[in-house]
Amino acid sequence: MSNRPVRLGVVGTGYVGLTTGVCFAHVGHQVVCGDIDARKVDLLNSGHIPIVEEGLETMAADARAAGRLQFVLGAEEAARGADIVFLCVPTPQGDDGSADLSYIQQAAAQIAAVLEPGAVVVNKSTVPVGSTVAVERVLGRDDVRVVSNPEFLREGTAVHDFLHPDRVVIGSADRGAAEQVAELYASIDTPILITDPASAETIKYAANGFLAMKISFVNAVAAMCEAVGADVAAVVDGIGSDQRIGNQFLRPGPGWGGSCFPKDSRALVKIADDHGYDFSMMRGVIDVNEEQLERMVDKITVAAGRVAGESLSGVTVAALGLTFKAGTDDLRESPALSIIGVLRSRGATVRAFDPTTVGELRPHQSVVLEGIELVDEALDVAAGADVVAVFTEWPEFAKVDLDQLAGRLRAGITIVDTRNLLDPVAVREAGLGYDGVGRR
Ligand code: NAD
């Protein structure tokens, strides 16, 4: 390659694409990000970052001021003249559990004609085994190579994760193309694992499957703790100090959710199934998660004074937190919303506070929140509530003034703490009931 800076195109400016584009520009590359959503592109061009992601706004502003980052409408404009093009478009769950590749195929078709000879196209979206070949087929270009470079960032810490990853995985049948992509990460201090495309694609699904398994495991252990009278915090401490197990990602909660684990765990089962392997363990992981959501519904129902499964007509649930975890505004497949959906279908009224839904809702939030009464202050959820549920581990909920909260609630109301965020003793001292997950 010549000495001129590498030009990167990024297709899709969502959580992954925007982080990828901004971070690559931050480390010195020349980046053009394109999206088909004109409103998003306008917002980005006016200096606004449409998602909640710490650090992104300042870094994007700095990179734009330095002339290294542009936002354009459409995939073609992002890919035109680029040496390397990252596809960061959605791969949602299809009807049969498989990953829906239509966005990837559409993006590949859009850029095919404008790609420079010798360009490299990178699948950064999470895509099933065989997608490198599938994209090559759509591109129909002998002079362009396709590489897999799955992304492992976590929403809420996306910038940190991109700049300090545990590893970068690159899968390609063409060593030269893989090394070209590896070179982009030269200033990032991390091991780079170059492998074949099928292994790279499998690594991403296996990683998410394993993480989902850890959470399902600890949730199952928490259920057992409740049955036998053990305390899950002590159990996690005890097992987590074994270095073979480790103490990360062993926090009980309402069940996993978000834009990745639900679809990726199902896609993993489907990919295995399509290739003749019944991944029954992963099916079990998914089943445990569904049971966990039901267990939370039952806890809230019982705390509201009803029998599990009974109608919740006349019951008002005060919900603290809506996003699938703290630090993000992402509501996709949020356990809070799954649980609230069941409560509402049984007749409950839900009043909720989430720090990311205060004021004007972001476009991707408004539809999924229909039917939920939103308030602008945490304590305002309390009025007339029959039960309080903590759904998201926002740090500010751990600091909520329990006496003030209790002052706004009827005597004897219970807080169902699906994140084990609050101090049970302090809650009880404030005159409220407490029920956590696997906690004595
Ligand atoms: P997202 O929905 O936030 O963003 C996708 C963007 O792509 C949207 O802005 C959409 O308008 C745009 N888009 C769709 N088709 C396009 C086209 N033809 N041309 C230009 N833009 C187009 O999605 P996301 O959360 O960033 O996820 C993207 C991929 O990365 C998925 O495969 C996901 O599984 C994977 N992934 C996500 C995360 C995460 O935490 N969100 C982490 C790792 C991997």
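Start with A134, which sits in helix α6 (residues 131-139). Helices here are DSSP runs of H or I, at least four residues, numbered from the N terminus. This is a predicted model: local features need pLDDT of at least 70, side-chain atom pairs count only at pLDDT 80 or more, and totals for chains, interfaces and linings use all residues. Residues are numbered from 1 along each chain as its sequence is written, and side-chain values use heavy atoms, with hydrogens and water left out.

A134 is buried, at 17% relative accessible area. Buried means under 20%, exposed over 50%, partly exposed in between, with a 1.4 Å probe and protein chains only. A134 and T20 are 114 residues apart in sequence and 23 Å apart in space, C-alpha to C-alpha.

Now the cores. A nonpolar core is a set of buried Ala, Val, Leu, Ile, Met, Phe, Trp, Tyr and Cys residues joined through side-chain atoms within 4.5 Å. The largest has 39 residues, and L69, F86 and Y185 touch the most other members. Helix α1 (residues 15-26) supplies the largest share of this core, six residues. A second, separate core has 33 residues, including A222, L293, A336 and V437.

Back to F86. Beyond its neighbours within four places in sequence, its contacts (heavy atoms within 4.5 Å) include T20, F24, V122 and Y185.

Cysteines next. How many disulfides are there? Zero, by the rule of a cysteine sulfur pair within 2.5 Å. For C23, the nearest cysteine sulfur is that of C33, 10 Å away. C23 is buried, at 0% relative accessible area. The sulfur of C260 lies 12 Å from the closest one, in C88, too far for a bond. C260 is partly exposed, at 28%.

On a 1 Å grid over the protein atoms alone, a cavity is a set of points where a 1.4 Å probe fits but cannot get out; a pocket is an open set with protein on both sides within 12 Å along at least five of seven lines; lining residues have an atom within 4 Å of a point. Points are joined across faces, edges and corners, and volume is the space filled by probe spheres set on them.

One cavity reaches 30 Å³ or more. The largest cavity has about 50 Å³. Its lining includes N123, S148, P150 and Y205. Helix α9 (residues 197-228) gives the most to that lining, four residues.

The second largest pocket holds about 210 Å³. Ten residues line that pocket, with T356, V358, E360, L361 and R362 nearest its centre.

Key. Helix = DSSP H or I, 4+ residues; strand = E, 2+ residues; numbered from the N terminus.
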